[in-house]
Amino acid sequence: MFKNKIIRWSTLAMIVAILAYFFVETFQPAAEENGSSQLANISDEAYKAEMDAQRKQKDEFFRTSSESPIENKTLFHGLHYFEPNQDYRVLATLTPYEGNDKDFKVSYTDGTTDTYERFAYADFNVQGNPERLLLLKNEGTISVLFRDKTSGGQAYGGGRYIDIPLEDVDGNKLVIDFNKAYNPYCAYAPDFACPLPPAENTLNVAIEAGEQYMGENH
């Protein structure tokens with residue numbers, strides 16, 4: 001049984017994000033580095049180009065890499081996504097977790113557990129609704145593990161993930177981009193064990209952003 005490669009894929013995603021950053025800087029010279037300005041200043045055109053580049057890179061990785069969860073790569077035609085929508089790119093206010101019980105046992109789909117760290121609560125508004133998520137820290141990465149109203153329908157029932165570099169935290173602010181939400185490897189291959197979102201991380205809205213789930217249809 002393989003553990004879901006959250007950190008490995010997030011590393012690849014960060015490389016693509018760096019390349020996309022230079023693209024955005026070329027066409028959006030007024031953009032600044034802090035989270036709130038990024039939220040305000042990326043044009044829809046530049047943002048769509050950035051997301052398309054990341055998705056194309058991930059499709060290529062799934063199609064060619066020996067570490068891909070796709071078993072029959074000859075039948076792989078690409079992942080399915082919601083259209084990029086900056087309404088699902090939100091600025092969250094963080095409340096650091098101050099309890100003594102920062103260690104958090106995350107359950108995996110194979111019945112095992114792994115220890116993450118409770119990092120902070122993120123409060124934000126999405127589609128006009130106030131929501132809160134518990135952010136976990138694992139190996140220098142903020143892990144956003146969540147379910148929403150699309151889970152089990154348009155999106156994978158076990159939940160989706162977003163990986164955010166720890167250095168993206170700007171004071172008590174953090175941009176959470178649900179367009180970057182992705183399915184765990186176990187959605188595509190049962191040999192992988194994947195972390196399950198904390199029970200409290202079930203959103204009351206449909207997050208129609210990020211990676212969709214079409215079962216065996218790729």
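**Exercise 1.** In this predicted model, determine in which sense β6 and strand β7 (residues 160-165) pair, and over how many bridges.

*Solution.* Strands β6 and β7 pair in the antiparallel sense, and 6 bridges join them.

**Exercise 2.** Describe how β6 is linked to β5.

*Solution.* The pairing of β5 and β6 is antiparallel, over 3 bridges. Within it, L136 has S143 of β6 as its bridge partner. The two strands form a hairpin with 2 residues between them. In the turn, E139 has a positive phi of about 55°.

**Exercise 3.** Why can strand β6 (residues 141-146) be called largely enclosed by the rest of the structure?

*Solution.* Begin with a general point: in a regular strand, side chains alternate between the two faces of the sheet. Buried here means under 20% relative accessible area. Since 6 of the 6 residues of β6 are buried, the strand is largely enclosed by the rest of the structure.

**Exercise 4.** Identify the residues with the most contacts inside the largest nonpolar core, and the elements that give two or more residues to this core.

*Solution.* The largest nonpolar core has 26 residues, and F62, L79, V106, L136, Y188 and F192 have the most contacts inside it. Two or more residues come from each of α3 (44-64), β3 (103-107), β4 (113-126), β5 (129-138) and β9 (192-193). Apart from this core lies another, of 24 residues, including F178 and V205.

Conventions:
Residues numbered from 1 in each chain as written. Predicted model: local features only at pLDDT ≥ 70, side-chain atom pairs only at ≥ 80, totals over all residues. Heavy atoms only, no water. Core = buried A, V, L, I, M, F, W, Y, C linked by side-chain atoms within 4.5 Å. Buried < 20%, exposed > 50% of the residue type's maximum accessible area, 1.4 Å probe, protein only. Helix = DSSP H or I, 4+ residues; strand = E, 2+ residues; numbered from the N terminus. Pairing = 2+ DSSP bridges.
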